[in-house]
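Dear colleague,

Please find the structure below for your records.

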Amino acid sequence: MNKKLSYQISKPSKKKSELEVIFLIHGYGSNDDDLFSLKEFIPSNYIIISLRAPISLGFGSYAWYSINFENTVDNWIDNNEAINSKKIILNDILLHLEDLGYKDKRVSLLGFSQGAILSWSLGIENPDLIKNILPLSGFYNTELTEPYRSSKFKLNCFSSHGINDPVIPIHWARRGLQSLKKNNINIIFKEYDSGHEINNENLKDIIEWLNKN
């Protein structure tokens with residue numbers, strides 16, 4: 001099979017055995033350039049792969065699935081498109097790992113907004129492949145996720161949200177976290193005095209967390 005998503009990759013000049021892999025999943029209306037701009041801050045032992053969503057919105061903007069912003073959280077997402085994008089992301093992660101010679105390596109996902117919603121779902125369903133998720137300014141959506149039954153693999157999570165987020169209200173994020181308490185997930189959740197963005201304090205905490213995990 002071939003990779004289906006355009007991407008950007010940064011490979012540090014370190015020994016293969018010292019390297020980790022992180023995939024970046026951007027938000028609605030953005031592209032692979034967006035989160036890839038964080039590469040100068042991400043710890044130097046990471047191979048960084050930024051994926052571009054498959055749905056073109058025109059003018060360099062892309063989406064993982066359609067959104068109806070006028071609906072409530074329960075009807076906000078086109079679930080079929082979201083589930084299809086999850087399958088594509090998973091396919092490409094496996095192909096990238098094969099190309100890198102890391103077939104048995106667990107990886108990290110950092111997702112913003114739409115990418116955060118997909119990161120929650122991918123991490124919970126595939127903890128044997130994904131060890132760390134960083135869902136930023138998103139929320140956990142139960143309708144997109146089939147719970148993983150095994151407790152063999154523990155999923156680590158750093159999640160954050162701006163308390164003044166006008167796009168995804170913070171109570172959506174808080175509600176999603178409440179439903180995850182019984183799962184085998186180690187969750188750190190932080191709130192910031194910000195909107196729908198990654199501010200400097202949030203970025204600092206992300207980097208510190210990645211260095212420890």
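Is Ser137 buried or exposed? With a relative accessible area of 1%, Ser137 is buried, where buried means under 20% relative accessible area, exposed means over 50%, and partly exposed lies in between (1.4 Å probe, protein chains only).

Before the remaining findings, a note on their basis. This is a predicted model, in which local features need pLDDT of at least 70 and side-chain atom pairs count only at pLDDT 80 or more, while totals for chains, interfaces and linings use all residues. Residues are numbered from 1 along each chain as its sequence is written, and side-chain values use heavy atoms, with hydrogens and water left out.

Backbone positions

Ser137 has a positive phi, near 55°, in a residue other than glycine. Ser137 is placed in the loop between β7 (130–136) and β8 (155–162); helices (H or I, at least four residues) and strands (E, at least two) are DSSP runs, numbered from the N terminus. Ser113 is not a glycine either, yet its phi is positive at about 60°. The loop between β6 (107–112) and α3 (114–125) holds Ser113, and at 7% relative accessibility Ser113 counts as buried.

Salt bridges

A salt bridge is counted when a side-chain nitrogen of Lys or Arg lies within 4 Å of a carboxyl oxygen of Asp or Glu. Eight salt bridges are found by this rule.

One of them joins the side chains of Asp99 and Lys3, at 2.3 Å from N to O. Asp99 belongs to helix α2 (residues 79–100) and Lys3 to the segment before β1 (7–10), so this pair ties together parts that are 96 residues apart in sequence. Asp99 is exposed at 57% relative accessibility, whereas Lys3 is partly exposed at 28%.

Asp32 and Arg52 also meet through their side chains in a salt bridge, at 2.8 Å from N to O. Because Asp32 lies in helix α1 (residues 32–36) and Arg52 in the loop between β3 (46–51) and β4 (55–58), the pair ties together parts that are 20 residues apart in sequence. Asp32 is buried, with a relative accessible area of 3%, while Arg52 is partly exposed at 26%.

Within helix α5 (residues 200–212), Lys204 and Glu208 are four residues apart, about one turn of the helix. Their closest N and O atoms are 2.9 Å apart, forming a salt bridge, and Glu208 is partly exposed at 36% relative accessibility.

Finally, a network of salt bridges links Glu20, Lys105 and Lys131.

With kind regards
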